Amino acid sequence: MEAKEFVMERVFGKPVRVEVMDTDRYGRKIGKIYYGNGTYLNKEVVRAGYAWHYRQYAPNDSDIKQAEAAARSSKIGLWRSSSPGLSQITCKLDS
């Protein structure tokens, strides 16, 4: 499963709530996304190994930090490799 599929299975056609936390240097909004009964989507994506904790925008987010640690220790997704990098990301957010 790809990251895009993972996210779409959870939120496609459903209401979500976004808490904008910051704006990046390209003007894109950085935020926390919640769906269903308050499930934290960002955390789910990181825990499944489809993303990593970007500390610049979420330095104190212990949920994301713990989710990444769990994915790393389970060696899933990005963490199957000992040195994951941007070249391993296959989803395109614009599609």
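Q: Which residue forms a salt bridge with D24?
A: This model is predicted. D24 counts as buried, at 10% relative accessibility. The cut-off for buried is under 20%. The closest N and O atoms of the salt bridge are 2.6 Å apart, and the partner of D24 is R28.

Q: How many salt bridges does the structure hold?
A: The pair D24 and R28 forms a salt bridge. R17 and E19 meet in a salt bridge too. The total for the structure is seven.

Q: What is the N to O distance in the salt bridge of R17 and E19?
A: R17 is partly exposed, with a relative accessible area of 42%. E19 is also partly exposed, with a relative accessible area of 31%. Their side chains meet in a salt bridge, and the N to O distance is 2.6 Å.

Q: Why does V18 count as partly exposed, rather than buried or exposed?
A: V18 lies in strand β1, which covers residues 16-23. Buried means under 20% relative accessible area, and exposed means over 50%. V18 falls in between, because its relative accessibility is 49%.

Q: Which residues make the nonpolar surface patch of about 250 Å²?
A: A residue in a patch needs over 30% relative accessible area and no salt bridge. V18 has 49% relative accessibility. The patch is made by V16, V18 and V20.

Q: In which helix do E68 and R72 both lie?
A: The side chains of E68 and R72 meet in a salt bridge, at 3.0 Å from N to O. The two residues are four apart, about one turn of the helix. That helix spans residues 62-74 and is α3.

Q: Is E68 buried or exposed?
A: E68 has 3% relative accessibility. The cut-off for buried is under 20%. Therefore E68 counts as buried.

Q: Which residue is linked with E68 and R72 in a network of salt bridges?
A: E68 and R72 meet in a salt bridge. They belong to a network of salt bridges.

Q: What distance separates the C-alpha atoms of K4 and Y50?
A: K4 is found in helix α1, residues 3-11. K4 is partly exposed, with a relative accessible area of 35%. Along the chain, K4 and Y50 are 46 residues apart. Their C-alpha atoms are separated by 9.1 Å.

Note on methods. Residues are numbered from 1 along each chain as its sequence is written. This is a predicted model: local features need pLDDT of at least 70, side-chain atom pairs count only at pLDDT 80 or more; totals for chains, interfaces and linings use all residues. Side-chain values use heavy atoms; hydrogens and water are left out. Patches are made of residues with over 30% relative accessible area and no salt bridge: like charges are joined within 9 Å, nonpolar side chains (Val, Leu, Ile, Met, Phe, Trp, Tyr) within 5 Å. Accessible areas come from the Shrake-Rupley method with a 1.4 Å probe; for residues, only the protein chains shown count as cover. A salt bridge is a side-chain nitrogen of Lys or Arg within 4 Å of a carboxyl oxygen of Asp or Glu. Buried means under 20% relative accessible area, exposed over 50%, partly exposed in between (1.4 Å probe, protein chains only).
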